[in-house]
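Look at the aromatic rings in this protein chain. The text below goes through how they pair and where they sit.

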Amino acid sequence: MAKITKLDDIVSLCKRRGFIFQSSEIYGGLASCYDYGPLGVELKRNVRAAWWNSVVQMRDDVVGLDSSILMHPLVWKASGHADKFADVIVECKKCNTRSRVDHLTSGAEEHTEHVPVETAMTDAAALDKKVCPNCGQVGQFTEPMAFRLMFETQMGANVDDTMRLFLRPETAQGIFANFRNVLDSTRVRIPFGIAQIGKSFRNEVTTKAFIFRTREFEQAELEFFCEPGTDDEWYEHWRQQRFEWYLSLGIKKENLRFREHDLDELAHYAKACVDVEYRFPFGSGDWQELEGIANRTDFDLRQHQRGMRTLNSWFEKKGDLSQIELNSEADNYHKGPLSYFDDQTKKRYIPYVIEPSAGIDRSALAFLVDAYDEEEVRGETRNLLRFHHSLAPTKVAVFPLVKKDGMPEIAVKIYDDLKGHFTCFYDEKGAVGRRYRRQDEAGTPFCITVDGQTIEDSTVTVRQRDSMEQVRVATDQLKNYLRGELEL
Ligand code: ATP
């Protein structure tokens, strides 16, 4: 049970230190929605920046995008979300707990993915052997029901002309819908990728474990377009890249692994899919998906070509998606508007897509869990977050040892000098030992203390979070020293 305590420890540290709060807490809270406080927002900014740096900035073959959350409803018809994006759920007759059929186990095995409705319905056939995760009752479930995962809203002021819209359940479709725009407005050539970070919304049936699965969350997705036939190589490339990314930001190797999807688990259009899993401190299996990397073939661009040809029918049926069939009349889709012409090889084709799809909140949770540590120091427990320097919300804290003898003035000056270069925090309240502990809990890698000696020789104490070692550094060398240590 120690592992569950660990998640509880993290939840309480996050609240106590202002990383993460329950949404609408003053009104009793809103289930599975969370707010990021002053330290949490910095952590998340750093996670986003690290992803963007590795996936966009450091590469010559990826460009960025920020598409809108609300999109034309036909996007979701073409992508398959409008018809198929549903979880099949059952309710336990004994305790009334609702569960996703694909999450139910007969004891040993566990599924964690949103599986296609048809697969879940087949799973449902074996319900008499499944166990309720809440009360342990075997095989006592209601008939399976489909539960729609997309949130709906409407656009327009008048009842007559309002349009039913969906909050996007993934950011990827905004990328496919802009494939042509990016091709026509930039000099990209295949192979290339389009990356985006943004909010997605899913009306999840089961939410669990803090920010692991929420109804509003942030995704970081890349659609990497390549020539059919080169897709296996690119799939391999992105698997390795994405795995390395987590390790490069300090995730311990023993807590990270790949889980290949079996062929019968794959969506019908996907050629291959692998999850990067992290050993989270909750759940029966511990290992949970952090990111999925899929070879989506040419499915999405082909589907949007069909969607584009369905516009007339959409107007005729007054936007009722359930009445509309995608126009899939036989045509040479390789020559359609979302095809690519390679002017060197003179070949035209619909590109294949490799999609690494990560969660910013879920990664932030993994970084928090992995960085969390407790150790005994002189009979006291020290809680700390051993964040990788680039993820630490505050890089440097500056303290005067005491609030007199000119120390605060010098400390404020140092703080003012450094804050243009690093995220800094100034604190003069309470005993210095307690101020160090507070920064340890916030994951701040360096604390600078101005003391009596500073007034004599213009040096300060710099204390390292992880080793608690202290060195003296000349005030005029501080910026260079910190730059070197932080590798910024
Ligand atoms: P799951 O099986 O966990 O529901 P999925 O396989 O449906 O997830 P994808 O559609 O592949 O998830 O989404 C890609 C990534 O987006 C996930 O690996 C995860 O990091 C993040 N993500 C998806 N759903 C949620 C959610 N409800 N809350 C937080 N992050 C999420």
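A residue is called buried under 20% relative accessible area, exposed over 50% and partly exposed in between, using a 1.4 Å probe and protein chains only. The model is predicted, so local features need pLDDT of at least 70 and side-chain atom pairs count only at pLDDT 80 or more, while totals for chains, interfaces and linings use all residues. Residues are numbered from 1 along each chain as its sequence is written, and side-chain values use heavy atoms, leaving out hydrogens and water.

Rings of Phe, Tyr and Trp (its six-membered ring) pair if their centres lie within 6.5 Å; planes under 30 degrees apart are stacked, over 60 edge-to-face, and the rest tilted. There are 20 aromatic pairs in the structure. In one of them, Y269 and F299 have ring centres 4.2 Å apart and planes at 15°, so this pair is stacked. Y269 is in the loop between β11 (256–260) and β12 (272–279), and F299 is in helix α9 (residues 299–308), 30 residues apart. Helices (H or I, at least four residues) and strands (E, at least two) are DSSP runs, numbered from the N terminus. Y269 is partly exposed because its relative accessibility is 21%; F299, at 14%, is buried.

F399 and Y436 form a tilted pair, because their ring centres are 5.7 Å apart and their planes are at 50°. The pair links strand β19 (residues 396–400), which holds F399, with helix α13 (residues 432–442), which holds Y436. Both F399 and Y436 are buried.

A charge sits over a ring if NZ of Lys or CZ of Arg is within 6 Å of the ring centre and within 35 degrees of the ring normal. R463 has its charged end over the ring of Y436, 4.5 Å from the centre.
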